[in-house]
Amino acid sequence: MDVPKTGFSFDLCRRNEMLTKKGLKSPGYLKTGTTIVGLIFENGVILGADTRATEGPIVADKNCEKIHYMAPNIYCCGAGTAADTEAVTDNISSQLKLHRYHTGRESRVVTALTLLKSHLFRYQGHVSAALVLGGVDVTGPHLHTIYPHGSTDTLPFATMGSGSLAAMAIFESEYREGLTREEGVNLVTKAICSGIFNDLGSGSNVDVCVIEKGKKEYLRNHLTPNPRTYISSKGYTFSKKTEVLLTKITPLKELVDVVQVGGGDAMEE
Amino acid sequence: MSIFEYNGSALVAMVGKNCFAIASDRRLGVQLQTIATDFQRIFKIHDKLFLGLSGLGSDAQTLHQRLVFRHKLYQLREERDMKPETFASLVSAMLYEKRFGPYFCQPVIAGLGEDDKPFICTMDSIGAKELAKDFVVAGTASESLYGACESMFKPDMDHEELFETISQALISSVDRDCLSGWGGHVYIVTPTEVTERILKGRMD
């Protein structure tokens, strides 16, 4: 049987190039405009992200998840092309799990970092994923940024995405070493809010993830500063019905329940 | 003109109370010329899972054939139907495999999962999943559909009201899009039956 090959397949490239030459523009992909941040506090790492996914100027998803699971003690925020960030974090997360089975130890943040940067460098920036990787392992808390071409930075606080300047402004003025958990979460929330309200590519809600030694807390929709303002309680009612030309109703098959009839041991004499 | 606007399409899926609805327009065009008014964009994968494919018609048909093939293999091996969440991951993986030479399709997946809980999701052409709890849209009329669904949608509608809402949202949105229209095709799926209806729309 034909076992599908792993990795990327390029068999439609020639056709697509021919179409582009004929004047048909190639499609835009779902991007996560984004503000993603991370900082190191006294006991670990806090990651934060907004929740807007854009398709050109349109908001495609008002509440997407940008903080991806890598390992029980490592999480990664992703900005750039949504398919790339999801695929690369899922892929490296699987590799980390296999590595954990192989070594019998908790994953280290530098392992995830090396796997991610090697993958991105191999594709020379065409896999458009900008990541903020954070976690706590045996060597302590770590925070790294990874750029689409494969370069990395190790920092005490970091921001990425279109809203990174807005968020970095908050961090540069208010960050200090040895923040408590509450102060850290408040600072991250403030930085993401600054991205949400000032950057057009970021919006909706704030997601926060706190990772400490031995435990983690994923605060999905920690803050929702953009609720729907005018909601009609009655909603829409349509007085005139839609005109229907043809209706076909197909009842779904009921699963047959086999019940034993008579005694169970019919074969016994 | 973009490759997505070559054939024209409009797709929408909505979640109701223990049911879901998926609807599409019926036009197939070659840029501005209409060549068919009964084009099938929504395909049944199994009794409780439907797939809508917008974008380039030939890629939609090819992708549908490949997915039916993979699902049949799954049925033979696992002796059961695929769950909608699993199917969505399969579609996403198949699209991402072609990351640097993609299929020009945007799928909309709608199904009833475990305990008949409705599930809908859409993806861009390279497989970035977008799970939603209320509605998903795709196609050339997507911008109008976003607006129409955002205002007309209510949570927990029963299947009669859901049909009315999705039909009104589809018809009003395709009326504002030159490349889609010529009626509508709506499937309402509840745990006990599948209702397929063809809508009358403007034929221009």
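Student: So how much of chain B counts as buried?
Tutor: This is a predicted model, and 65% of the 204 residues of chain B count as buried. Buried means under 20% relative accessible area, exposed over 50%, and partly exposed in between, using a 1.4 Å probe and protein chains only.

Student: OK, and what radius of gyration does chain B have?
Tutor: Chain B has 16 Å, which agrees with a compact globule, because one with 204 residues would be near 17 Å. The radius is taken over C-alpha atoms, and the globule rule is 2.2 Å times the number of residues to the power 0.38.

Student: How big a box do the C-alpha atoms of chain B fill?
Tutor: Roughly 45 × 40 × 25 Å, taken along the principal axes.

Student: New topic: which residues touch the most others in the largest nonpolar core?
Tutor: That core has 53 residues, and those touching the most other members include A:Met70, A:Leu116 and B:Val12. A nonpolar core is a set of buried Ala, Val, Leu, Ile, Met, Phe, Trp, Tyr and Cys residues joined through side-chain atoms within 4.5 Å.

Student: And which helix gives the largest share of this core?
Tutor: Helix α4 of chain B, residues 159-174, with seven residues. Helices here are DSSP runs of H or I, at least four residues, numbered from the N terminus.

Student: How many residues are in the second core?
Tutor: The second, separate core has 37 residues, A:Val45 and A:Phe157 among them.

Student: How many positive and negative side chains does chain B have?
Tutor: There are 22 positive and 28 negative ones in chain B. Lys and Arg count as positive, Asp and Glu as negative, while His and the chain ends are not counted.

How values were computed:
Residues numbered from 1 in each chain as written. Chains lettered and ligands numbered in written order. Predicted model: local features only at pLDDT ≥ 70, side-chain atom pairs only at ≥ 80, totals over all residues. Heavy atoms only, no water. Charge placed at Lys NZ, Arg CZ, Asp CG, Glu CD. Helix = DSSP H or I, 4+ residues; strand = E, 2+ residues; numbered from the N terminus.
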